Amino acid sequence: MEKTLRTSELNFMNKSTHFSSQTILEYYRKFLSRYNNGFVNRDQFNLICQNLVIGKENAEEKTSMINLLFDLCDKDENGHVDFKEYLVLFWSRIVGPEDQKLALIFELYDLNNSGYIDFHEMHSIVKVLFKLKYSTCSPSEYSLFTNQEFISSNLPITYYIAMDIMKAFDLDRNGKLTKQEFINGCLSHQNFRKFLSPLKISS
């Protein structure tokens, strides 16, 4: 990457984020001072995210979540994240308005990049989040996460949580969530919003 930002790059980042040109240039100087080749690799990205993503340091589920974030940011799949990818796809949304943060979380959980989250994807991510956040909860506390009255011993609590989220968010009942349905659902159901966030940074 060049050591200076081209005007076209700066203009693109201006339009794509809520940051001013001065703020972008300051972020860029700090980025280059830490990563003087202009790129962040997967290991470096993991270190950046240790204090941003929930879970114990280097826990398997936390590492999996951070790897998903890295893959989301590495749009050209070249094994590293450049400054533009870092700022536009990651940092501006991590510290940005609520809808941008939720859009980032949706894209993170859209595991097959279909533009939708179906029940299987939701259940997969709920299992990871439950283990990261609430693995020490006892069955007597499960009412904190689900309104289901009859919990079968043959199905995990995460199944019921995922089912409740889909029921609350999927207003057109087509079995999948669009990005807007996910955002609206989180904004309307703060308990699910809190559960679904993998980030330590509060809204």
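## Helix α4 and its neighbours

In helix α4, Met65, Leu68, Leu69 and Leu72 meet Leu104, Glu107, Leu108 and Tyr109 of helix α6, where a contact means heavy atoms within 4.5 Å. Before we go on, please keep in mind that this is a predicted model, in which local features need pLDDT of at least 70 and side-chain atom pairs count only at pLDDT 80 or more, while totals for chains, interfaces and linings use all residues. Residues are numbered from 1 along each chain as its sequence is written, and side-chain values use heavy atoms, with hydrogens and water left out. The helix and strand labels follow DSSP runs counted from the N terminus, with helices being H or I runs of at least four residues and strands being E runs of at least two.

Let us stay with α4 and α6 for a moment. Their axes come within 9 Å and cross at roughly 100 degrees; axes here are lines fitted to C-alpha atoms, for helices over the stretch in contact, and angles run from 0 to 180 degrees between N-to-C directions. That angle makes α4 roughly perpendicular to α6. The classes work like this: under 35 degrees is roughly parallel, over 145 roughly antiparallel, 65 to 115 roughly perpendicular, and the rest oblique.

Next, follow α4 to helix α5. These two pack at an angle of about 120 degrees, with their axes 9 Å apart, and α4 is therefore oblique to α5. The crossing is right-handed; the near helix is turned clockwise from the far one by less than a right angle in a right-handed crossing, and anticlockwise in a left-handed one. On the α4 side you will find Leu69, Leu72 and Cys73, which meet Glu85, Leu89 and Phe90 of α5.

A further partner is helix α7, residues 119-134. The axes of α4 and α7 come within 9 Å and cross at roughly 130 degrees, so α4 is oblique to α7 as well. This crossing is left-handed. From α4, the contact draws on Glu61, Lys62, Met65 and Leu68, and from α7 on Ile125, Val128, Leu129, Lys131 and Leu132.

Now turn to α5 itself, which spans residues 83-94. The helix is mostly covered, with eleven of its twelve residues buried. Buried means under 20% relative accessible area, exposed means over 50%, and partly exposed lies in between, using a 1.4 Å probe and protein chains only. Among the buried residues are Phe83, Tyr86, Trp91 and Arg93. The buried set packs against α1 (7-16), α2 (21-34), α3 (42-49), α4, β2 and α6 (98-109).

Charged pairs come next. The structure holds seven salt bridges, each a side-chain nitrogen of Lys or Arg within 4 Å of a carboxyl oxygen of Asp or Glu. Arginine 93 pairs with glutamate 107, their closest N and O atoms being 2.8 Å apart. Arginine 93 lies in α5 and glutamate 107 in α6, so this pair ties together parts that are 14 residues apart in sequence. Salt bridges that share partners join Arg93, Glu107 and Lys179 into one network. With a relative accessibility of 10%, arginine 93 counts as buried.

Another salt bridge joins arginine 42 to aspartate 71, again with the closest N and O atoms 2.8 Å apart. This pair links distant parts of the chain, with arginine 42 in α3 and aspartate 71 in α4, 29 residues apart. Arginine 42 is partly exposed at 32% relative accessibility, and aspartate 71 is partly exposed at 42%. Glutamate 9 is buried at 14% relative accessible area, whereas arginine 6 is partly exposed at 40%.

Aspartate 74 is buried yet has no salt bridge, and the nearest side chain of opposite charge, arginine 42, is 5.6 Å away; for charge, Lys and Arg count as positive and Asp and Glu as negative, with His and the chain ends not counted. Not counting residues up to four places away in sequence, aspartate 74 touches Gly79, His80, Val81 and Glu85.

Our last stop is tyrosine 159 in helix α8, residues 157-169. Tyrosine 159 is partly exposed, with a relative accessible area of 26%, and it touches Phe119 and His123, not counting residues up to four places away in sequence.
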